Amino acid sequence: MPQAKTEEGIESVQESIVNVTTERNRKALDFIEHVTIHAAEVQAEVLLEILTRNAHTEYLERYRLTGRTDRKSFKERLPVITYEDLQPEILRIANGDTSPILSAQPISEFLTSSGTSAGERKIMPTIHEELKRRTLLYSLLMPVMNQYMKGLDKGKGMYFLFVKSETRTPGGLLARPVLTSYYKSQDFIERPYDPYNVYTSPIEAILSSDSYQSMYCQLLCGLAQNHEVLRVGAVFASGLLRAIRFLEEHWKSLCQDIRSGTVNDEEVTDPCLRESVMMILRPNTQLADFIHTECSKESWQGIITRLWPNVRYLDVIVTGAMAQYIKTLDFYSGGLPQVCTMYASSECYFGINLKPLCQPSEVSYTLMPNMAFFEFLPVYRNNNEDAGPVITAAEQQQELVDLVDVTVGQEYELVITTYAGLYRYRVGDVLRVTGFHNAAPQFQFVCRKNVMLSIDADKTDEVELHSAVMNAVKHLEPVEATLVEYTSYTDTSTIPGHYVLYWELRTSTLPVPPSVFEDCCLTVEESLNSVYRQCRVADKSIGPLEIKVVEMGTFDKLMDYAISRGSSINQYKAARCVKFTPMVDILNSRVSASYFSPRFPKWTPGRTQWGALAR
């Protein structure tokens, strides 16, 4: 009888959880419908609230808004700006100025961006309430997914989530990536139980600052609970492939831990991590044998569905630069759906994908009108597939378009005004309007403006790459060699991916020793921005840079090919980055030698300078 009462009690609790979750999902979907139906009204309310609460900030007073909250005055008086325009104010805050410069509310911390300025990460000021706004957007994801795929509350998600290094500004504020901020927040650590958001990884593993030990523990816990895993994910596609590569290198040790029910003390030395994993791990010879059999097979095609047989989809970003990983993920997952759930940045969280099971090439994000005030700057791209996109934007402010007034098929650069004090700020993302959900537009992410090379969180533009190459070719001078022409390519056929430079040289009778080219590789890496170097050194999400020396006349062959496809001989110039496969094939067919960076470039956490930059 007592046993029956206990079972009845458990069933009652489970039923209560289901009812609460169902109601929460309904409210989330109702919220999406409300803000998208009333997108114009919500946007007007957002702008009014931002301008009202920040009316007496130094920035708004500088442009003599003097308490005006109407859209006409806002657009006439406030300029459209970039990070460089705002950097002096940001650095004042970082150095301890607590006056209301940008926001009437205190700046709570800085969120470090993957974008860079003068080689340093951009730092975005934020306020406490922005965390609630980000948490709200996260709460919408699973209710949307649940419409398309039932039963996700019956298992767990194996997500590879990591914190990254953080530092403090001279004024004492934390500066860290937005996801590190979120994972360390009470909103994440003490979130209420939700059967749709149960992870295989213990919180101690997610919050570990040692990325190696964290990865080992997260994989170990995911393997130990393999039949409970219904979805597998990471933030970026590159992060999930990094986990697969880690598994390839360490599966024997992981098998042994599952067999014995213990954690290898050589792999995991942190006692807190070991204790958290031991709460999950139990000796399981049968599972260890199964994993050993699958990982011992010659091909790892479909390894995700082989080891985690109940997985229904991958939750990763595969839009933008991450699209280069789609085929590799298909190989390892056996063709599982690749779901992109949301669109966000350090500056602001923007929107969600309301059709999560669409093909990666068809992903469109619906911008949530409550997140910020959105404007759009029309842009016109050079769609020549032989070269990277060249952006020319209509710079006149009167050409900016409001959220509900965008045109289907047109491309725009996103401009935002946020509660935290960014006013008419150019994010740098180029978006294409694909349609509307109610009155809210839906956008495809097209590209990062002017970014040529990207493997993970890194973003390298043409100017930065050219400067790095010019620094490197100085090593050629003593052997009387000169660089005739060059281009670049992101090679993701390896895990991790890496940058490739194709160099055509004119040499003298003096031989060029391999060590000279290796020095060139290292100099290029050390000349690139801090995000690239952090990815190389700390995250190990980018492999050593490679220089491929090509035969004389190779770039003439590229020109001949481009002209054969319709390019004008008078206007042709060599692209500084190639993505079109036939062009890459021409380059690779004429490689005479290849060299890699011999060691990691220099990198230390934090910024090298906090002083105001000359303008």
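Select strand 3 (residues 156-160) and strand 6 (residues 229-236): they pair in the parallel sense over five bridges. Strands here are DSSP runs of E with at least two residues, and helices are runs of H or I with at least four, numbered from the N terminus. Two strands pair if DSSP finds at least two bridges between them. Strands of a sheet pair through backbone hydrogen bonds, either parallel or antiparallel. Find Lys 156, which stands opposite Val 229 in strand 6.

A word on the model before moving on. This is a predicted model, in which local features need pLDDT of at least 70 and side-chain atom pairs count only at pLDDT 80 or more, while totals for chains, interfaces and linings use all residues. Residues are numbered from 1 along each chain as its sequence is written, and side-chain values use heavy atoms, with hydrogens and water left out.

Stay on strand 3. Five of its five residues are buried. Buried means under 20% relative accessible area, exposed means over 50%, and partly exposed lies in between (1.4 Å probe, protein chains only). Lys 156, Met 158 and Phe 160 are on one side of the strand, with Gly 157 and Tyr 159 on the other. Both faces are covered.

Now colour by pLDDT, the predictor's confidence in each residue, from 0 to 100. The chain mean is 89, and 91% of residues reach 70 or more. Residues 384-390 fall below 50, yet beyond near neighbours in sequence this stretch has 18 contacts in the model. Contact means heavy atoms within 4.5 Å. Residues 392-398 are also below 50, with 17 such contacts.

Next, show the nonpolar side chains. A nonpolar core is a set of buried Ala, Val, Leu, Ile, Met, Phe, Trp, Tyr and Cys residues joined through side-chain atoms within 4.5 Å. The largest core has 167 residues. Phe 160, Trp 308 and Leu 476 are among those with the most contacts inside it. Helix 11 (residues 237-260) gives the largest share of this core, eleven residues. Another core lies apart from it, with twelve residues, among them Val 550 and Phe 580.

Zoom in on Leu 476. Not counting residues up to four places away in sequence, Leu 476 touches several residues, including Trp 503, Leu 505 and Phe 517.

Go to the open sheet of four strands, in the order 20-21-22-23 with mixed pairing. Strand 20 (482-491) and strand 23 (591-596) are its edges, each pairing on one side only. Inside it, strand 21 (residues 498-506) and strand 22 (residues 546-550) run parallel over five bridges. Look for Leu 501 opposite Ile 547.

Select helix 18 (residues 530-539). At the N-terminal end, Asn 529 caps the helix: a side-chain oxygen lies 3.0 Å from the backbone nitrogen of Val 531. Just after the helix, Lys 540 takes a positive phi of about 55 degrees.

Last stop: Glu 526, in helix 17 (residues 514-527). Buried or partly exposed? Glu 526 counts as partly exposed because its relative accessibility is 32%. Not counting residues up to four places away in sequence, Glu 526 touches Arg 533, Pro 601 and Lys 602.

Definitions and conventions. Polar contact = N/O pair within 3.5 Å; in protein donor to acceptor, adjacent residues only side chain to side chain.
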